[in-house]
Amino acid sequence: SRAKNEAFRHKKKLEADLNELDIALEHANGANAEAQQTIKKYQSQIREAQQLLEQEQQQRDKAREQLIQSERRAHAVRNELEETKTQLEHADRQRRSAEQELSDVMEQVADSTLQNQ
(Lines give C-alpha, C1' and ligand atoms only; values in the text may rest on other atoms or scores of the structure.)
Protein backbone atom coordinates (compact mmCIF):
# COMPACT_ATOMS: atom_id res chain seq x y z
CA SER A 1 0.00 0.00 0.00
CA ARG A 2 2.87 2.34 0.72
CA ALA A 3 4.34 1.66 -2.69
CA LYS A 4 0.90 2.19 -4.15
CA ASN A 5 0.57 5.59 -2.46
CA GLU A 6 4.08 6.53 -3.57
CA ALA A 7 3.27 5.50 -7.14
CA PHE A 8 0.01 7.48 -7.00
CA ARG A 9 1.82 10.64 -5.76
CA HIS A 10 4.47 10.17 -8.42
CA LYS A 11 1.72 9.80 -11.04
CA LYS A 12 0.03 13.00 -9.84
CA LYS A 13 3.35 14.87 -9.95
CA LEU A 14 3.99 13.64 -13.48
CA GLU A 15 0.48 14.71 -14.51
CA ALA A 16 1.05 18.17 -13.00
CA ASP A 17 4.42 18.41 -14.77
CA LEU A 18 2.75 17.35 -18.01
CA ASN A 19 0.08 20.04 -17.59
CA GLU A 20 2.75 22.67 -16.98
CA LEU A 21 4.64 21.49 -20.05
CA ASP A 22 1.41 21.62 -22.11
CA ILE A 23 0.77 25.20 -20.94
CA ALA A 24 4.39 26.15 -21.66
CA LEU A 25 4.11 24.56 -25.12
CA GLU A 26 0.91 26.54 -25.84
CA HIS A 27 2.64 29.77 -24.82
CA ALA A 28 5.68 28.91 -26.91
CA ASN A 29 3.51 28.09 -29.92
CA GLY A 30 1.64 31.37 -29.48
CA ALA A 31 4.87 33.32 -29.23
CA ASN A 32 6.21 31.46 -32.27
CA ALA A 33 3.09 32.30 -34.31
CA GLU A 34 3.38 35.94 -33.29
CA ALA A 35 7.07 35.95 -34.20
CA GLN A 36 6.25 34.43 -37.61
CA GLN A 37 3.66 37.17 -38.25
CA THR A 38 6.22 39.81 -37.26
CA ILE A 39 8.79 38.24 -39.59
CA LYS A 40 6.29 38.25 -42.47
CA LYS A 41 5.45 41.89 -41.76
CA TYR A 42 9.14 42.84 -41.76
CA GLN A 43 9.75 40.87 -44.96
CA SER A 44 6.88 42.73 -46.61
CA GLN A 45 8.27 46.07 -45.44
CA ILE A 46 11.72 45.12 -46.75
CA ARG A 47 10.25 44.18 -50.16
CA GLU A 48 8.38 47.50 -50.32
CA ALA A 49 11.51 49.40 -49.33
CA GLN A 50 13.54 47.55 -51.97
CA GLN A 51 10.96 48.37 -54.64
CA LEU A 52 10.94 52.00 -53.59
CA LEU A 53 14.73 52.05 -53.65
CA GLU A 54 14.78 50.57 -57.16
CA GLN A 55 12.26 53.16 -58.37
CA GLU A 56 14.28 55.98 -56.85
CA GLN A 57 17.47 54.62 -58.40
CA GLN A 58 15.78 54.51 -61.80
CA GLN A 59 14.55 58.08 -61.35
CA ARG A 60 18.04 59.14 -60.28
CA ASP A 61 19.54 57.49 -63.36
CA LYS A 62 16.98 59.21 -65.62
CA ALA A 63 17.65 62.55 -63.95
CA ARG A 64 21.40 62.03 -64.34
CA GLU A 65 20.94 61.25 -68.06
CA GLN A 66 18.75 64.34 -68.48
CA LEU A 67 21.39 66.42 -66.73
CA ILE A 68 24.09 65.11 -69.07
CA GLN A 69 21.91 65.89 -72.10
CA SER A 70 21.11 69.36 -70.76
CA GLU A 71 24.80 70.06 -70.15
CA ARG A 72 25.58 68.98 -73.72
CA ARG A 73 22.83 71.24 -75.09
CA ALA A 74 24.05 74.13 -72.94
CA HIS A 75 27.60 73.61 -74.18
CA ALA A 76 26.39 73.53 -77.80
CA VAL A 77 24.33 76.70 -77.24
CA ARG A 78 27.35 78.42 -75.64
CA ASN A 79 29.49 77.48 -78.65
CA GLU A 80 26.80 78.72 -81.01
CA LEU A 81 26.53 81.96 -79.02
CA GLU A 82 30.29 82.51 -79.25
CA GLU A 83 30.21 81.83 -82.98
CA THR A 84 27.28 84.23 -83.39
CA LYS A 85 29.14 86.91 -81.41
CA THR A 86 32.18 86.43 -83.63
CA GLN A 87 30.02 86.72 -86.76
CA LEU A 88 28.32 89.82 -85.33
CA GLU A 89 31.69 91.46 -84.60
CA HIS A 90 32.86 90.60 -88.13
CA ALA A 91 29.64 92.00 -89.64
CA ASP A 92 29.98 95.13 -87.48
CA ARG A 93 33.55 95.68 -88.72
CA GLN A 94 32.40 95.22 -92.31
CA ARG A 95 29.56 97.69 -91.73
CA ARG A 96 31.93 100.29 -90.26
CA SER A 97 34.33 99.72 -93.14
CA ALA A 98 31.50 100.11 -95.67
CA GLU A 99 30.30 103.25 -93.90
CA GLN A 100 33.84 104.65 -94.00
CA GLU A 101 34.16 103.69 -97.64
CA LEU A 102 30.79 105.37 -98.38
CA SER A 103 31.89 108.44 -96.47
CA ASP A 104 35.14 108.54 -98.46
CA VAL A 105 33.29 108.13 -101.76
CA MET A 106 30.81 110.86 -100.79
CA GLU A 107 33.69 113.12 -99.90
CA GLN A 108 35.37 112.40 -103.26
CA VAL A 109 32.10 113.08 -105.05
CA ALA A 110 31.74 116.35 -103.17
CA ASP A 111 35.34 117.28 -103.97
CA SER A 112 34.83 116.37 -107.65
CA THR A 113 31.64 118.39 -107.76
CA LEU A 114 33.41 121.40 -106.26
CA GLN A 115 36.32 121.04 -108.68
CA ASN A 116 33.98 120.76 -111.66
CA GLN A 117 32.16 123.95 -110.82
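Guide: Let's begin with a term: buried means under 20% relative accessible area, exposed over 50%, and partly exposed in between (1.4 Å probe, protein chains only). This is a predicted model, in which local features need pLDDT of at least 70 and side-chain atom pairs count only at pLDDT 80 or more, while totals for chains, interfaces and linings use all residues. Residues are numbered from 1 along each chain as its sequence is written, and side-chain values use heavy atoms, leaving out hydrogens and water.

Now to our part, Asp 92, which is partly exposed with a relative accessible area of 27%. Asp 92 makes a salt bridge with Arg 95, their closest N and O atoms lying 2.5 Å apart; a salt bridge is a side-chain nitrogen of Lys or Arg within 4 Å of a carboxyl oxygen of Asp or Glu. Both residues sit in helix α1, three residues apart, about one turn of the helix; helices (H or I, at least four residues) and strands (E, at least two) are DSSP runs, numbered from the N terminus. Arg 95 is partly exposed too, at 41% relative accessibility.

Asp 92 also meets Arg 96 in a salt bridge, at 2.4 Å from N to O. These two are separated by about one helical turn because they are four residues apart in helix α1. Salt bridges with shared partners join Asp 92, Arg 95, Arg 96 and Glu 99 into one network. Arg 96 has 43% relative accessibility, so Arg 96 counts as partly exposed.
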